[in-house]
Amino acid sequence: MSKFQVDNNGFYGEFGGAYVPEILYKCVHDLQDAYLPIVESDEFKAEYHALLRDYVGRPSPLYHASRMSRKYGCRIYLKREDLNHTGAHKINNTIGQILLARRMGKSRITCETGAGQHGVATATVCALMGMKCEVFMGATDVERQHTNVERMRMLGAEVHAVHTGNMTLSDACSAAIRDWCCHPQDTYYLVGSTMGPHPYPDLVARMQSVISEEIKWQLQEKEGRDYPDYLIACIGGGSNAAGTIYHYVDDERVGIVLAEAGGEGVDTSHTAATMHRGTTGVLHGSKMLVMQTEDGQIEEAFSVSAGLDYPGVGPMHCNMFVEGRSRVLAVNDDEALAAGYELTRMEGIIPAIESAHAVAALAKLSFKPDDVVVLTVSGRGDKDIETYLRFPGKE
Ligand SMILES: *Cc1c(COP(=O)(O)O)cnc(C)c1O
């Protein structure tokens, strides 16, 4: 068994587990018992893959970026999750979980969202399946990300503004968990990243693993071998990264490089560099690296990219990081924005600012000419145009 995948008790090394209030014991245990038999059944797989193909638009292309390759002196391929329906990788996960929820007989979906991307992806699949959707979102984010709020409402979701704490993602998670506690019978909590109590980190990683499943055969076609020398992805909670590396975690030939959000710098108080700055703690039902004060108060994460400013990071990635399997680079706001402009001007692809963090990692690495590099573009930048324009690129 892989030491990087979840063990029978729901842990990745010392991280993970299911630290939930008593009232959710039954819900979480029911889900732990139900998820594997369902997601491994032929019937589930057929429906999931048909929707990924016909509704999401998969497989997403693996694109050889020739101008970027020349610049960095290696062979760079972009895994185009930005081309998915709703504009990012998040739909892979929500499609899978809504099918699971339906098979578990649930009729009402609750979720958290930060920038609104997961809320939109969840509201989308709820519309698709005719299910009731409750989205919890920090009041600060409701204001900052108004178009996504309107998209969710148009899709039929009820968006609840959360007024506790910093009124951002972390508070939205707590509110969604509270909602689940109040409706344990009919409600399915649809988690948006590789976080939360076991089995969510494993469940979400499996639903995103289609990314590396495709990379394997796409590389075989283009390079005559099914593995790259490097995989690069940005990391917030860790879901697009988990999907990108899933089928390669035990393959020592493959270097894994993850870009977390440095914000204004890892040594400042305005950062979301959880692996560089975090210490072990429990947040939202899981043991992981968390940015916290000495007495365990959660510190607010800060990044120009709303999708990366979570004060924790999924347990799978915490374990791979402390075991030395992955290399984690902190990319600051200005570096990410510049890299976003670079990809835009060199390849005609405007990446989400989250994804631009992965692009910025290229300049921090050194490559050999034959190195094959696969970089996941987790989402498109349409939602970020205003932010980009506030920081005009050079040239
Ligand atoms: C939400 C989001 C992320 C961060 O989430 P992960 O779970 O770490 O993947 C990254 N990129 C985009 C485009 C997102 O919407």
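Helices, here labelled H, are DSSP runs of at least four residues, numbered from the N terminus. In this predicted model, helix H13 is one such run, and H13 is followed by Gly324, whose phi is positive, near 80°.

**Ligand surroundings**

- The ligand is surrounded by 17 residues, and the closest of these are Lys90, Ser193, Gly236, Ser239 and Ser378.
- The shell around the ligand divides into four nonpolar, eleven polar and two charged residues.
- Of the 390 Å² of accessible area that the ligand has on its own, the protein covers 97%.

**Salt bridges**

- Side chains of opposite charge can pair when their charged atoms come close.
- The count for this model comes to 24 salt bridges.
- Arg80 and Asp82 form a salt bridge in which the closest N and O atoms are 2.8 Å apart; Arg80 has a relative accessible area of 12% and is buried, and Asp82, at 3% relative accessibility, counts as buried too.
- Arg108 and Glu134 meet through their side chains in a salt bridge with an N to O distance of 3.9 Å, and this pair links distant parts of the chain, with Arg108 in strand E5 (residues 108–113) and Glu134 in strand E6 (residues 132–138), 26 residues apart.
- Arg108 counts as buried because its relative accessibility is 9%, and Glu134 is buried with a relative accessible area of 5%.
- Arg206 forms a salt bridge with Asp202, with the closest N and O atoms 3.0 Å apart; because these two residues are four residues apart in helix H9 (residues 200–208), they are separated by about one helical turn.
- An α-helix has 3.6 residues a turn, so residues three or four places apart point the same way.
- Asp202 is buried, with a relative accessible area of 2%, whereas Arg206, at 24% relative accessibility, counts as partly exposed.
- A network of salt bridges links Glu43, Glu47, Arg102 and Arg103.

- Helix H10 (residues 210–223) has 14 residues and reaches 19 Å from its first C-alpha to its last, which is close to the 20 Å expected at 1.5 Å a residue.
- Within H10, the buried residues are Val210, Ile211, Ser212, Glu214, Ile215, Gln218 and Leu219.
- H10 is followed by Gly224, whose phi is positive, near 75°.
- In the loop between H10 and strand E9 (230–234) lies Asp229, which is buried with a relative accessible area of 19% and whose side chain makes a polar contact of 2.9 Å with the side chain of Arg225.
- Helix H13 (residues 315–322) is largely enclosed by the rest of the structure, because six of its eight residues are buried; these are Pro315, Met316, His317, Cys318, Asn319 and Met320.

**Backbone features in loops**

- The peptide bond from Arg58 to Pro59 is cis, with omega near 0°, and Pro59 is found in the loop between helix H2 (42–56) and strand E3 (62–64).
- A cis peptide bond also runs from His198 to Pro199, with omega near 15°, and Pro199 is found in the loop between strand E8 (187–189) and H9.
- Thr86 has a positive phi of about 70° although it is not a glycine; Thr86 sits in the loop between strand E4 (75–80) and helix H4 (90–103) and is buried, with a relative accessible area of 16%.
- His284, likewise a residue other than glycine, has a positive phi near 50°; His284 is found in the loop between strand E11 (279–283) and strand E12 (286–290) and is buried at a relative accessible area of 10%.
- His163, in the loop between strand E7 (158–162) and helix H8 (169–182), is exposed, with a relative accessible area of 60%.
- His163 and Leu83 are 80 residues apart in sequence and 34 Å apart in space, C-alpha to C-alpha.

Terms used: Residues are numbered from 1 along each chain as its sequence is written. Side-chain values use heavy atoms; hydrogens and water are left out. The expected span of a helix is 1.5 Å times one less than its number of residues. Buried means under 20% relative accessible area, exposed over 50%, partly exposed in between (1.4 Å probe, protein chains only). A residue is near a molecule or strand if one of its heavy atoms lies within 4 Å of it. Accessible areas come from the Shrake-Rupley method with a 1.4 Å probe; for residues, only the protein chains shown count as cover. Ala, Val, Leu, Ile, Met, Phe, Trp, Tyr, Cys and Pro count as nonpolar, Asp, Glu, Lys and Arg as charged, and the others, Gly among them, as polar. A salt bridge is a side-chain nitrogen of Lys or Arg within 4 Å of a carboxyl oxygen of Asp or Glu. A polar contact is a pair of N or O atoms within 3.5 Å; within protein, one must be able to donate a hydrogen and the other to accept it, and residues adjacent in sequence count only if both atoms are side-chain atoms.
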